[in-house]
Amino acid sequence: MIKRIIAILLAVSVFCACYQDLSTVAYRTIPDIEISGIPDTLETLYGDDIVLEAAVTLGGEEYDSFSYEWAIDFRPGVSKDRMVIADTPDVTYRVANRPNDAPYCLSFTATDTQTGLSKTKSCFVYVRSSLGEGILVAHTRDGGATTDFDLITCKAATYGYNMDAPRYTRNIYSLANGEPLEGTVNAVLPVVRSDGAVYNETLILVGTDSHLYALDPLTFIIAKQDGTLFNGLKETTLNVRNLINYGQIMTAAQIGRQLYLNIGHTNNIFNKAGYAGVPSDVFTPTNVGYAYAVQQSDIVFFNEAEGRFYYMHSQFSGYGSFSASSEIVPADLSGGKSLWAGAGKNGTAAFLIEDRTGSHHIIYTEPTKNILTYYALDDSQWHSDVKYYAFCDNSEILFMASDKKIYSVAAIGGTPAYRELTWKPDDADEIITGIKFYTQGWYGTHGYDVASYRFQLPTNRLQIVISTYNESTGEGKIYLRPFNVSTGLFTFKDNGVYGGFGKITAITSTLK
């Protein structure tokens with residue numbers, strides 16, 4: 001057996017020694033696909049554009065048989081939820097990914113169409129929120145059929161922003177929801193509803209002729225709307241006329257001619273305000289006064305038919321009832337009209353009332369403390385063309401505006417002094433469309449004290465926001481003008497002009 005095995009091995013060795021390799025198969029080395037121009041990591045802002053251009057070579061040489069694909073995660077770290085965003089070497093992508101501490105993966109793949117071989121370069125994208133502190137502007141470009149939002153980030157309205165040029169985040173709602181918001185926005189308001197324990201949420205409330213929305217402040221995606229924000233509300237069409245923060249963690253929503261109240265210490269939903277008067281639908285966008293940042297303030301409304309005030313202490317908001325004020329007003333206001341109401345000095349509610357004879361009165365009231373300050377205005381100095389008003393909660397000053405001019409009435413020293421301010425818009429064709437007393441977003445919605453809040457701007461409560469519109473150009477603008485709390489005059493300083501909007505319908509300050 002062993003002899004037989006040896007014989008076989010000898011035969012094989014002889015065969016291999018005589019064999020010649022006569023094959024003609026050729027071998028070649030395939031060059032590497034090389035990608036450059038894409039960083040390993042990238043930090044960007046929600047709403048900003050990522051602009052990149054990849055350079056792709058084959059073995060260091062240009063090559064024209066590549067196909068390309070850019071893709072990005074829908075969710076951080078979840079590769080199965082990916083979206084293809086371009087099929088060219090360059091990409092411009094407006095970041096609609098929700099801000100997150102975890103990075104998203106942006107990938108670029110180049111494929112050699114001749115061989116089918118490909119190479120991928122990945123970039124970790126950290127998305128930060130661009131929707132922090134600033135001025136949020138609701139505006140329309142189609143006569144009110146739809147509305148979108150722009151955010152102004154600037155030194156005068158954003159703590160810690162040090163750039164001379166402002167930053168605009170445009171069309172935020174369209175970015176988040178795929179299209180503008182239907183209808184005209186009548187009111188917009190940031191809210192923090194918190195009891196420091198169970199109930200904690202931050203929202204941006206948006207009111208139109210038909211709906212009340214609560215938007216996620218980081219993305220502007222609708223978080224809640226209409227009935228889900230209310231206790232037992234049956235209406236499906238909500239005509240929102242006004243939204244108010246008062247008493248630090250209280251919010252009021254005027255729906256039609258009814259008032260709904262929310263307090264962070266309850267269940268974070270709106271309840272219909274208790275009022276036993278007849279008729280019960282007596283609330284208007286201009287007859288509800290309040291205090292911004294007094295922890296236990298009053299919310300007060302002026303009953304125009306009766307000519308008297310009703311109030312509710314803020315700790316009862318959402319489940320209490322309005323009571324008639326016992327304070328005596330030294331004038332007959334029955335049948336009068338509240339032209340404007342808001343927050344006054346030292347925690348009072350402020351009212352501008354035109355009586356049935358056409359005379360005008362300013363009243364600051366705090367019913368739970370039986371405080372009422374009354375001023376009869378000199379109607380020989382009254383400007384009948386005024387349309388817009390703004391009270392200040394740090395001084396007894398009322399600002400008023402017509403289409404072209406701004407006035408102030410300062411009751412410093414007890415006697416109201418009228419002044420026509422020297423300000424005017426940049427362009428003669430611009431029409432004033434509103435004025436607003438500026439407060440930072442935290443002021444009136446947090447339980448923070450104005451004396452100790454760390455991120456307070458020097459402009460907080462010391463400037464007026466003016467909106468204008470130019471019909472011929474279709475552009476709306478925002479002007480920020482500081483004022484003197486002792487005189488009611490604008491200072492020489494100018495805090496900037498901001499443009500590029502449509503017709504502005506509502507303005508608010510956003511949270512840091």
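How many residues lie between E10 and E11 in their hairpin? There are 5, and Gly143 in the turn has a positive phi of about 75°.

A word on the ground rules: this is a predicted model, in which local features need pLDDT of at least 70 and side-chain atom pairs count only at pLDDT 80 or more, while totals for chains, interfaces and linings use all residues. Residues are numbered from 1 along each chain as its sequence is written, and side-chain values use heavy atoms, with hydrogens and water left out.

Strands here (E, at least two residues) are DSSP runs numbered from the N terminus, and two of them pair if DSSP finds at least two bridges between them.

Buried means under 20% relative accessible area, exposed over 50%, and partly exposed in between, with a 1.4 Å probe and protein chains only. Strand E10 (residues 135-140) is largely enclosed by the rest of the structure, because 6 of its 6 residues are buried. Ile135, Val137 and His139 cover one side, with Leu136, Ala138 and Thr140 on the other.

Now to the cysteines. A disulfide is a pair of cysteine sulfur atoms within 2.5 Å, and the count by this rule is 0. Cys105 is in no disulfide, with the nearest cysteine sulfur, in Cys123, 8.0 Å away; that distance is too far for a bond. Cys105 is buried at a relative accessible area of 17%, and Cys123 is buried too, at 0%.

Methods:
Helices (H or I, at least four residues) and strands (E, at least two) are DSSP runs, numbered from the N terminus.
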